[in-house]
Each structure stands twice: as C-alpha cells, then as structure tokens.
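Work through the exercises below with the structure in view. Each task is followed by a worked solution.

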Amino acid sequence: MTTQAMASPSFKAFRDGLTVARRNLIKIKRVPDLLVFSTLSPIMFVLLFAYVFGSAINVPGVSYREYLMAGIFTQTVLFGSTLTGYGLADDIQKGIVDRFRSLPMARSALLVGRTTSDLVNNVIVIVVMSVTGLIVGWRIHSSVLEALGGFALLLLFAYAFSWVFAVVGLSVRSPEVVNNASFIFIFPLTFIANTFVGVTDLPGPLKTFAEWNPVSAVTQAARELFGNTNPAVPQPDAWPLRHPVVTSLAWVVVLLVLSVPLAVNRYKKAASR
C-alpha cells in the first residue's frame, strides 16, 4: 500500500475504527458476562419455542423447529444491534468520548469501531445459536453458498440496525434509556412478523404491517436460503415476502443511507455537549 493511500482520510478512519473495535472486544474478554448473557437469551428462546410452544404450533409443510430458527436468528441479531446504542450512551456518560476527541484520531472512528465490534459479537452469538438449533433438530437443506448467504444477510441486517441504534444512543443521556427504547421498538417489530408464526391469519392492518415489516423479509429470506421452506406450500401474496432477499438488501441500503449520516451528525452534537 502506498504512503499516499495510508495517509488518506478514509484509510485513517478505517484504521482508527479497527483500533476502537479492538478496544471494545477486549472489554468483552475482560468482562465475559457481557457475552454470556447475550447468548443465554437466544438459547432460552430456542428451547422455549421448540419444546414448550412448538407442539402447539403447526406450520404446513415444514418442521416448526426448522421454521423457528430463521425467526430466532433475526430477532437475536436485532437485539444484538442494540449494544451499539447502549455502548455509545455509556461512553458519553463516562466521558470516554471527550477523551477520544482529544486524541489525533478520525472523528468517525468511534462509530465505525462500535458498529464493527458489535458485528463480531453477533457472529459469535449466531455460531452459538446454530449449535443450539442443530441440537434441537434444525437442519440446513440448501447448498453451502446459500447457507453462507443466509448468515451474511442476517449480519448485514444487524449492521444496518447497529447504525439505527447508534442514533438512539447518541440522542439520549443514559444507557438505561437506550434499553427501554430498544424494547419498545423491537418487540412489536419482531412479534408482528413471520418470526414465530405465519402472517396469513393476522387481522387486516397487522397482516399488512407484518408483510412489509423488514424483519419478515429478512426472516423469509433466511428460511429460503437455509432451505427451511416447502416448495409445495403456496408462496405469500405480498411482494416483499415473494422476493425476500431483494427486499432485505433494499432495507439494509435504506437504513444505512438514512442512519449513517444522522449518526455522524448526532455524534458531533453529543460530543460537544
């Protein structure tokens, strides 16, 4: 790599962002409770729905445990993305942002580092969840490339929402507010969707919301890429669920285009208050 490229602002932001990401990952290593509890929750959801509710829920043409896993994956990475907002709010409250501002580093490094480290955390959680799913009977029936595409799509979705929650974390004055706001936002988004049951039996307005919900698109895309759908079962009527991969990628682009500049703007204001 040339000296000119290494001195460019984009390379400097990337390099400084990796340094901040390493700092956040070291924190997880020193406080392993953070990773333990972030993996226990999805494991409990898998076991609860697979063994308690699974026998009472019938999904035509496919095993409920295989139907379930894509929804659990999507819900889990969405909850994992809230760590970005919590971490940024915590850094502001503790004055760490002010310390970073005094260092010769790119202004965007904190945001890039935080979202990157939380993406790594989501990778670890997905691995643990995949093992749990295999134990309870989940199987992948597609090719290796399709399966990897499913996991990549889930992580892209999580990364996009990390920037959304970065905006939240930079707009409030305490990490506790981020937690409360996240639950209020995520629960309806994940439960009024096809994460745990189909959307066909939902009443009119809720069905429409579920069909156009980004969580539904990502969940449906993951199911198709993992081979957890039955071709004999009629496809959903709504366009987003008929073309879930394209819809999911479109949502990722829209979320990043809207949230990245807004997060940068909020960071400038938060760092100056």
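**Exercise 1.** Decide whether Phe 187 is buried, partly exposed or exposed in this predicted model.

Solution. Step one: take the relative accessibility of Phe 187, which is 31%. Step two: recall that buried means under 20% and exposed means over 50%. Step three: 31% falls in between, so Phe 187 counts as partly exposed.

**Exercise 2.** Describe the aromatic pair formed by Phe 183 and Phe 187.

Solution. Start with the position in the chain: both residues lie in helix 8, four residues apart, which is about one turn of the helix. Phe 183 has a relative accessible area of 42% and is partly exposed.

**Exercise 3.** Classify the ring pair of Phe 191 and Phe 196, and find the cluster that holds both residues.

Solution. The ring centres of Phe 191 and Phe 196 are 5.2 Å apart, and the planes stand at 45 degrees, so the pair is tilted. The two residues are then checked for accessibility: Phe 191 is partly exposed at 38%, whereas Phe 196 is buried at 5%. Finally, Phe 191 and Phe 196 belong to one aromatic cluster together with Phe 79, Phe 183 and Phe 187. Across the structure there are 16 aromatic pairs.

**Exercise 4.** Describe how helix 7 and helix 8 cross, and which residues make the contact.

Solution. Two packed helices are described by the angle between their axes and the distance between the axes. Helix 7 covers residues 144-171 and helix 8 covers residues 175-191; their axes come within 10 Å and cross at roughly 140 degrees. That angle makes helix 7 oblique to helix 8. The crossing is right-handed. From helix 7, the contact uses Phe 161, Phe 165, Val 168 and Gly 169. From helix 8, it uses Val 178, Ala 181, Ser 182, Phe 185, Ile 186 and Leu 189. Sorted by type, the contact residues are eight nonpolar, two polar and no charged.

**Exercise 5.** Where is Asn 194 found, and is it buried or exposed?

Solution. Asn 194 is in the loop between helix 8 and helix 9 (204-212). Its relative accessible area is 3%, so Asn 194 is buried. Leaving aside neighbours within four places in sequence, the contacts of Asn 194 include Tyr 67, Val 199, Ser 216, Arg 223 and Leu 241.

Methods
Residues numbered from 1 in each chain as written. Predicted model: local features only at pLDDT ≥ 70, side-chain atom pairs only at ≥ 80, totals over all residues. Heavy atoms only, no water. Axes fitted to C-alpha atoms, helices over the stretch in contact; angles between N-to-C directions. Helix = DSSP H or I, 4+ residues; strand = E, 2+ residues; numbered from the N terminus. Parallel < 35°, antiparallel > 145°, perpendicular 65-115°, else oblique. Left-handed = near helix turned anticlockwise from the far one by under 90°. Contact = heavy atoms within 4.5 Å. Nonpolar A, V, L, I, M, F, W, Y, C, P; charged D, E, K, R; others polar. Phe/Tyr/Trp six-rings, centres within 6.5 Å; stacked < 30°, edge-to-face > 60°. Buried < 20%, exposed > 50% of the residue type's maximum accessible area, 1.4 Å probe, protein only.
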